[in-house]
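Dear colleague,

Please find below the structure that I am handing over to you, together with its sequence. My notes on it come directly after.

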Amino acid sequence: MGFHEVGIVGAGVHGLSAAYHLARRGVSTVVFERGTRAAGPTGRASGVVRSYYTNRFLAEVARDSTAVLADFADQVGGESGYVRTGGLYLHGPDDLADVLRTGGDHEILTDDLAARFSYLNLDGTAIGVWEERAGYADPYRTALGYAAAAVRHGATLLEHAAVRVVDEGPRSVRVVLADRSRHEVGRLLVAAGPWTGPLLAQVGVTLPLTAERHVVAGLAHPPEAAPHAVPYVLIDVQHGYYSRPAGAHRFLLGALAPTATTDPDDYSPDVTGAEFAWLAARAARRAPVRARAAADRSWASLYDVSPDWQPVTGRVTDRVHVDAGTSGHGFKLAPVWGEHVARLLTGDADQRLEQFSPDRFAAGSALAAGFGAARILG
């Protein structure tokens, strides 16, 4: 049996970012991962990077995380794959009041929207928002960078180490793995994404977290159309989807609305024809050049979702903490969110993190998020 000050369940980008920030602080840290690093939802994320949030704290975290991703090699090590494209958000008239209240480092476009984006079909669009530093990055490579940096700073990463038992005592938490090895930690962080709930149940904690299957559809332009492709992140709130470039010819699409809950151990990673057609039709309606794009690599991933579509981060028992429920926007927050989690675990928490406490649901203090059905926007 080994002892560490902090144990983390889950080697997705959130668990690995927290491990890195803890190890940098000199905290002995061990990460337990049931498979391999970033092999779960992190490795299947679409990788959009943005800081356009209705929640001011999340906007700040996302903005600062973007800066980390842009300078990842120097700040962390490795490559994040960050590409700055800018981001355009398009809203219908029902969102006007909420957009004007968002604030942040964004440019609100009204009368000049059609002139600047004349190649888009803007029928019914009331307002646009431009975010200069939006773009995309590679969640898998980012997670690998955090894993390597955490280990360099002294953290231990155990892969193929599924946690079977979590047993909290008065002075420590005992963790038993599938191979029957036992580990003792002073505090435990459960950052296991869609698998968080069953682990917390072992210490008597029930949180209203669910898993949803979400599609990422890939398309490719013919070479002659590439110069006219949409070269930036496009969040089409009005029509319920997002897109981001994936190189010169390809782009990815995803929906903004919630989907049905699913079993994270039994879901289809394949995209159906109907799912693909729904997204492709909306993308072509907005940008006619996309009507000629052909199907390319597509997949489905998992979101771990909270009732208000905002992260669930905080202490759930004396020695157990949680970081889950990121609801589809976990990657873009992870670089700086991991630092906030490390501060939480070392008794130096930013008080603004308290709004994301797991206790808020029982207290009836759900947070606002996004615009209408597009709650994933935060």
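Predicted model: local features only at pLDDT ≥ 70, side-chain atom pairs only at ≥ 80, totals over all residues.

**Strands**

An open sheet is built from 3 strands in the order β3-β8-β4, with antiparallel pairing. Strands β3 (48-49) and β4 (83-84) are at the edges and have a single partner strand each, so one side of each lacks a neighbour in the sheet. Between β4 and β8 (residues 135-136) there are 2 bridges, and the two strands run antiparallel. Within this pairing, V83 has Y136 of β8 as its bridge partner.

The rest of the structure largely encloses β5, because 5 of its 5 residues are buried. G87, Y89 and H91 point one way from the strand, while L88 and L90 point the other way; all of these are buried. Strand β5 is joined to β7 (residues 127-131) by 5 bridges, and this pair runs antiparallel. Here the bridge partner of G87 is E131 in β7. Strand β5 is also joined to β14 (residues 233-236), in this case by 4 bridges and in parallel. In that pairing, Y89 has I235 of β14 as its bridge partner.

**Salt bridges**

Side chains of opposite charge can pair when their charged atoms come close. Searching the whole structure gives 16 salt bridges; three of them are described here.

One of them joins the side chains of R25 and D348, at 3.9 Å from N to O. This pair connects distant parts of the chain, 323 residues apart: R25 is in the loop between α1 (13-24) and β2 (29-32), and D348 is in the segment after α9 (330-345). R25 is partly exposed, at 40% relative accessible area, and D348 is also partly exposed, at 37%. Both residues belong to a network of salt bridges that links R25, R343 and D348.

Another is the salt bridge of E275 with R213, whose closest N and O atoms are 2.6 Å apart. Because E275 lies in helix α8 (residues 273-286) and R213 in strand β13 (residues 210-220), the pair ties together parts 62 residues apart in sequence. E275 is partly exposed, with a relative accessible area of 23%, whereas R213 is buried, at 16%.

R141 and D138 also form a salt bridge, with the closest N and O atoms 3.2 Å apart. R141 is partly exposed at 38% relative accessible area, and D138 is partly exposed at 25%.

Yours sincerely

Technical notes:
Residues numbered from 1 in each chain as written. Heavy atoms only, no water. Pairing = 2+ DSSP bridges. Buried < 20%, exposed > 50% of the residue type's maximum accessible area, 1.4 Å probe, protein only. Salt bridge = Lys/Arg side-chain N within 4 Å of Asp/Glu carboxyl O.
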